[in-house]
Amino acid sequence: QRTLSVGMLLSSIFCLLTPVVAKFNFDALLLLRVVQGLAQAVVFPAYQTLLGKWAPRKNIELMTTVAYSGCSIGIILTFTVGSTLGVHGFGRSSGFDYDGDNWPSIFYVFG
């Protein structure tokens, strides 16, 4: 449980730092993303361990299926909301005047 929490927390912090680091140094950005990937690497094994310990034996298959289906649903929602944020960013209500400066809002929302 602690491993999952720490992995998710670190990944979130690194996601929030991505736009800030990207403004300063590309190499630092690459390093940040690698470290974020390492933090996320513990999530699925920890998640599977939690399911094995906490899920009732008769429902473990269903709970695992539902839990991992949430990953796919999350990806679909992330792409949908992320593309809207990429175009409009924060504070834009309408129009398609894409200027390329809205991408940080994606990291701030999902971080």
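**Helix α3 and its surroundings**

The buried residues of α3 pack against α1 (2-24), α2 (26-40) and α4 (60-88). Here contact means heavy atoms within 4.5 Å, and helices are DSSP runs (H or I, at least four residues) numbered from the N terminus. The model is predicted: local features need pLDDT of at least 70, side-chain atom pairs count only at pLDDT 80 or more, and totals for chains, interfaces and linings use all residues. Residues are numbered from 1 along each chain as its sequence is written, and side-chain values use heavy atoms, with hydrogens and water left out.

V43, A46, L50 and L51 are the buried residues of α3 (buried means under 20% relative accessible area, exposed over 50%, partly exposed in between, with a 1.4 Å probe and protein chains only). Because they cover an arc of only 140° around the axis, they lie on the same side of α3; the arc is that of the directions from the helix axis to the C-beta atoms.

Y47 also lies in helix α3. Y47 counts as partly exposed because its relative accessibility is 29%. Not counting residues up to four places away in sequence, Y47 touches L4, A67 and Y68. Y47 and Q1 are 46 residues apart in sequence, and their C-alpha atoms are 8.0 Å apart in space.

Turning to α1 and α2, their axes come within 9 Å and cross at roughly 170°. Axes are lines fitted to C-alpha atoms, for helices over the stretch in contact, and angles run from 0 to 180 degrees between N-to-C directions. The two helices α1 and α2 are therefore roughly antiparallel to each other (angles over 145 degrees).

Notes:
Angles under 35 degrees count as roughly parallel, over 145 as roughly antiparallel, 65 to 115 as roughly perpendicular and the rest as oblique.
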